[in-house]
Amino acid sequence: MIAPPGDGWVRLSPRKLLLDPVKALRQALVPVVVALVGVSRSDPAYWPIIFPLAVLGPVVLGALPWLTTHYRLTDTQIQVRSGVLNKKTSTAPLDRVRSVDLEASLLHRLLGLQKVEVGTGVDDDRITLDALAAADAHALRETLLRRRATTAPVIGGPPVGEGADGDVAPGEVHAPPPPAPVPPQALARIDWSWLRFAPFSLGRLVIVAGALGAFSQFADDLPIWDEDTATSAWQWITQFAVVAVALVLSVGALAAWIAISVGGYVVQWWRFLLVREHGSLHLTAGLFTTRSTTVEEAKVRGVELVEPVLMRLVGGAELSTLATGVENGVTQVLPPCPREVATGVGGAVLATPAPLAVPLVAHGPAARRRAWLRKVRVALVLTAAAAVAAYVLDVAWEWVAVVGVVTTALGALVGEASYRHLGHALDERHLVAGRGDLARIRTVLETDGIIGWVLDQSWWQRRAGLVDLVATTAAGHERVLVRDVDLGVAVALADRATPGLLDAFVDRPAAVPTA
């Protein structure tokens, strides 16, 4: 039985009846096409029966979520009820709301709808309202973010006889007055001169590789591609100078990459805006699919500044927050942008720019040797594999020598870069850790967010007197690594960062009694 709206329960937008059937048809497109092709080959007489079912089935199934989903907002909770046979009621106390994210795909935007996701501090515990009118979604977000701070009662209040009416009973529960509204503060907005950083960010190479892999799966079946075509095409290409062909292919690949990277940057970061409001960081961006992400500042425990190797050549960087109560713990709050912008916004989030600018303490010659050994060891393994392949395939040993020299040189270069990125620093409120092989990564974590320490030593590290110091936390990646640091320095660093936490494990000199 479908529960009718009542007692404050309301349905989602009626336009969801247009949204879900389209989504259901899109998801069922491949199996429906396969079924129809199979039927057409066996007996076309079944088409008048199969085709209406294949179309009407997803439409009916797509309409059920609107008929069976209701939500309401009480004085203390947001509640969502859904399901046909298996009824489900999800609730979230308003004082536990940590984030209210809005998202709208192109179809959502055409229908004037938005998807609302309410986070409560647990990754899997998110309340989702898939189709609210855009105005209702924004109003719900504003209401939840404003009311989460006013739901906790305060015991006591004004003394007896001194209340608003002069007759307040002892022990009465008083709600605090609503806080004065604070105007939103813009921390960053899109600057299209930042497009110059797009080609130096290699994240979209994964998409390109996936597209090439998908194309290779069916390229052999194309009617215009066979052995004769490939042979004739190669013969036509070799009529020209090989250098010219390589140059043309390189320029074409570079132009295609620039188009893909810049286009992806525009699609992802269109109308990007980062503001501080209601005690949260609010990010909006997106061309086709718009997203609105909220991170409660009280749950932010630090930031991470990443400078990829190519982007570092042009002075670019990316910034993410480390927080508890958000999905994956890490939220990228800036697109690839000038390093000065990233450090400025990071300083605003941390309330001090010092941790992102302070020089890091180097880890010394032993850490450098470890960094070199770690990378050169990989080069030696590759050289050994090349030697085995040369022996089995009867390849000239000169190629093995080339592989050994090149991989060892690259390993040494990467090892030196890895060491130069190592380091740490500590101030009154923040632990700073530097790391990275090619990319330079600086992680800043509030010492109040450290819940424990792990000291990890390999056999080789014990010989060198080094240790990996790990600060455990509930935010971000749930660990911050200070790699290859001297054992005594690591213990002292942990002890200073969290006074008293290591008292049971650290021998301290006994106090000398005074006469």
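Colleague: In what order do the six strands of the open sheet lie, and which are the edge strands?
Modeller: In this predicted model, six strands make up an open sheet with antiparallel pairing, ordered β16-β15-β14-β19-β18-β17. Neighbouring strands of the sheet are turned against each other by 15° on average, direction ignored. Two strands pair on one side only, and these edge strands are β16 (330–338) and β17 (423–426).

Colleague: Which residue in β19 is the bridge partner of Gly 434?
Modeller: Strand β18 (residues 430–435) runs antiparallel to strand β19 (residues 440–446), and six bridges join the two. Within β19, the partner of Gly 434 is Arg 442.

Colleague: At about what angle does helix α9 run to β16, and what angle does helix α13 make with β17?
Modeller: Helix α9 (residues 339–350) lies across β14 (300–307), β15 (316–323), β16, β18 and β19, and its angle to β16 is about 145°. Helix α13 (residues 487–497) also packs on the sheet, where it touches β17 and β18, and its direction makes with that of β17 an angle of about 30°.

Colleague: Which element gives the largest share of the largest nonpolar core?
Modeller: This core has 33 residues, and those touching the most other members are Phe 272, Leu 274, Val 303, Leu 319, Leu 334, Ala 342 and Val 345. Among the elements that give two or more residues to the core are β14, β15, β16 and α9. The largest share, four residues, comes from α9.

Notes
Residues are numbered from 1 along each chain as its sequence is written. This is a predicted model: local features need pLDDT of at least 70, side-chain atom pairs count only at pLDDT 80 or more; totals for chains, interfaces and linings use all residues. Side-chain values use heavy atoms; hydrogens and water are left out. Two strands pair if DSSP finds at least two bridges between them. Axes are lines fitted to C-alpha atoms, for helices over the stretch in contact, and angles run from 0 to 180 degrees between N-to-C directions. Contact means heavy atoms within 4.5 Å. A nonpolar core is a set of buried Ala, Val, Leu, Ile, Met, Phe, Trp, Tyr and Cys residues joined through side-chain atoms within 4.5 Å. Buried means under 20% relative accessible area, exposed over 50%, partly exposed in between (1.4 Å probe, protein chains only).
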